[in-house]
Amino acid sequence: MASKVLMPSLNLNNVTFPGDNKTQSHSFGQVSFPKKTGVSSSRQSVISRSCAVAVKPAALMATSTAKPATSYTLSHLWREVQGSNNWENLLEPLDPLLRNEIIRYGEFVAACYKAFDLDSSSKRYLNCKYGKKNMLKEVGMENSGYEVSKYIYATPDVNIPIQNGATCGRWIGYVAVSSDEAVKRIGRRDLLITFRGTVTNHEWVANFMSSLTPARLDPHNPRPLVKVESGFLSLYTSEEADSKFGLESCRQQLLSEVSRLLNKYKGEELSITLAGHSMGSALALLLAYDIAELGLNRTDTNHQDQIPITVFSFGGPRVGNTSFKQRCEELGVKVLRIANVNDPITKLPGVFLNENLRVLGGRYELPWSCSCYAHVGVELALDFFNVQNPSCVHDLETYISLLRWPKRSVHSKIDENDGVDLWNGARGFLLNAQNFYICSPWIGAAIDMVNMVQSQNLS
């Protein structure tokens, strides 16, 4: 039984909210290819539709009893905002304090795109354009209250015929720590790890390696039933063995830095926050699971007290199977998925075999349910689409703009042929992937989605 694909309505020429006609340009986000919404026992979905005001002011409800307005500050309620109660009473309507935090973490992810050097003639090609000390300042976030402590690189363990040369490490994100001044405002020392989405060809191919494989990240308990998508795991664990610099895997770099920072700030009130867009959301969830599985966030010898781990996922795909989802929940990993219902990336992988594949009203699982992909966490669902620019459905800046200005129209300044070119390019890349590099069961489904969306947009 296939999951339903919600296709955009043709009368939505843009994402419109009453009261404003300002225009926003969109510079981030990758080619994308769609989600059944509602509330179930395993996930909560809150729709913010393009034909209504999506975000309304609300008093933050940390418990069922409202607190006095004077106590509504992040420093007092940061644990609730980080998902300690699975964002209960904070999503419908979306609480202003939580909304501001989602936007703030989204901007940290957007900084990855702004700082990533895609100029092939540059000495910093496929790396960050700026040094660690100046990066946030250079992208306009000098007042963010965070300091970058380490850059992170990932090496896709794939070879493709359209790109010459061996695979090498690409700058994928960064680790940052809240400053002493920011600690007073947000109520704790926040260790932040952010990841950008797919940009290079090797990363696209790694995304298409759609097969489940055991994660086996804990050497003392490999848990073979806990499986994740092989391409994401490859990006996370592959080393640049042939490099004279001996670049460690993305995983080794991150675990080493997280351990160092946890030791440095031992005894302080801490949080571990991971944020990513698209493929970066998958890496963020893998790292969150890894930290929790290894027990790096446990602060006492009895392993009872834990530093909270929260993932803010923007337009993220499924990462693992139902056992992976269940294990993340057992470990206390909190995940807030901000997803556009028209964004096909959030339907992948597992277009057909996913958490919705149940029988008898969802009471029983099918025999192969352990091989199905499953989303982790709570979903905050947005609803936007632009016929003139279909790529906006997966665009990070569009996500952020809709959250920041819920009453503002979200338009895109593009040439009328740009949307056609984008979808033609997307289909061409998928066909190449299907014919040359990978035999993936969902590449065909993605091609069909591209064809359907383009045909509707041109009609």
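Student: What makes residues 452-459 a stretch to read with caution in this predicted model?
Tutor: Their pLDDT stays under 50. The scale of confidence runs from 0 to 100. Where pLDDT is low, predicted coordinates should not be read in detail. The model has 18 contacts beyond four places in sequence for residues 452-459.

Student: Which values describe residues 1-44?
Tutor: There too pLDDT stays under 50. The model has 154 contacts beyond four places in sequence for residues 1-44.

Student: What is the average pLDDT of the protein?
Tutor: The average is 74, and 60% of the residues score at least 70.

Student: How do you know that C328 is buried?
Tutor: The cut-off for buried is under 20% relative accessible area. C328 has 0%, so it is buried. C372 has 1%, so it is buried as well.

Student: How many disulfides does a search of the whole structure find?
Tutor: It finds zero. To count, two cysteine sulfur atoms must be within 2.5 Å.

Student: Which residues touch the most other members of the largest nonpolar core?
Tutor: L98, I102, M135, Y174, L336 and I338 do, in a core of 49 residues. Helix 2 (residues 96-115) gives the most to this core, with twelve residues. Apart from it lies another core, of 47 residues, including V177, Y265, I272 and I309.

Student: What makes a set of residues a nonpolar core?
Tutor: The members must be buried nonpolar residues of the listed types, joined through side-chain atoms within 4.5 Å. In soluble globular proteins, nonpolar side chains tend to be buried together.

Student: What is L336 in contact with, leaving aside neighbours within four places in sequence?
Tutor: Its contacts are W87, L91, L98, I102, V311, F312, S313, V378 and L380.

Student: Take W87 from that list. What sets its backbone apart?
Tutor: W87 has a positive phi of about 60° although it is not a glycine. W87 sits in the loop between helix 1 and helix 2.

Student: Is W87 buried or exposed?
Tutor: Buried. Its relative accessibility is 1%, and the cut-off is under 20%.

Student: Which other non-glycine has a positive phi of about 60°?
Tutor: S278 has one. S278 lies in the loop between strand 7 (270-277) and helix 8 (279-294). At 5% relative accessibility, S278 counts as buried.

Student: What kind of peptide bond joins E92 and P93?
Tutor: A cis bond, with omega about 0°. P93 belongs to the loop between helix 1 (74-81) and helix 2. L348 and P349 are also joined by a cis peptide bond, with omega about -20°. P349 is in the loop between strand 10 (334-340) and strand 11 (358-359).

Student: Why is strand 7 called largely enclosed?
Tutor: Because eight of its eight residues are buried. Both faces are covered. L270, I272, L274 and G276 are on one side, with S271, T273, A275 and H277 on the other. In a regular strand the side chains alternate between the two faces of the sheet.

Student: How many residues of strand 4 are buried?
Tutor: Seven of its seven, residues 189-195. One face holds R189, L191, I193 and F195; the other holds D190, L192 and T194.

Student: How do you know that strand 4 and strand 7 pair?
Tutor: A pair needs at least two bridges. Seven bridges join strand 4 to strand 7, and these run parallel. R189 stands opposite L270. L192 stands opposite T273.

Student: Which sense do strand 3 and strand 4 run in?
Tutor: Antiparallel. Five bridges join strand 3 (residues 170-178) to strand 4. The bridge partner of Y174 is T194.

Student: How many bridges pair strand 7 and strand 8?
Tutor: Six, in the parallel sense.

Student: What does the side chain of T310 reach?
Tutor: The backbone oxygen of Q82, at 2.7 Å. The cut-off for a polar contact is 3.5 Å. T310 lies in strand 8 (residues 309-314).

Student: How do you know that T310 counts as buried?
Tutor: Its relative accessibility is 0%. Leaving aside neighbours within four places in sequence, T310 is in contact with Q82, W87, I272, T273, L274 and K334.

Definitions and conventions:
Residues numbered from 1 in each chain as written. Predicted model: local features only at pLDDT ≥ 70, side-chain atom pairs only at ≥ 80, totals over all residues. Heavy atoms only, no water. Buried < 20%, exposed > 50% of the residue type's maximum accessible area, 1.4 Å probe, protein only. Helix = DSSP H or I, 4+ residues; strand = E, 2+ residues; numbered from the N terminus. Contact = heavy atoms within 4.5 Å. Polar contact = N/O pair within 3.5 Å; in protein donor to acceptor, adjacent residues only side chain to side chain.
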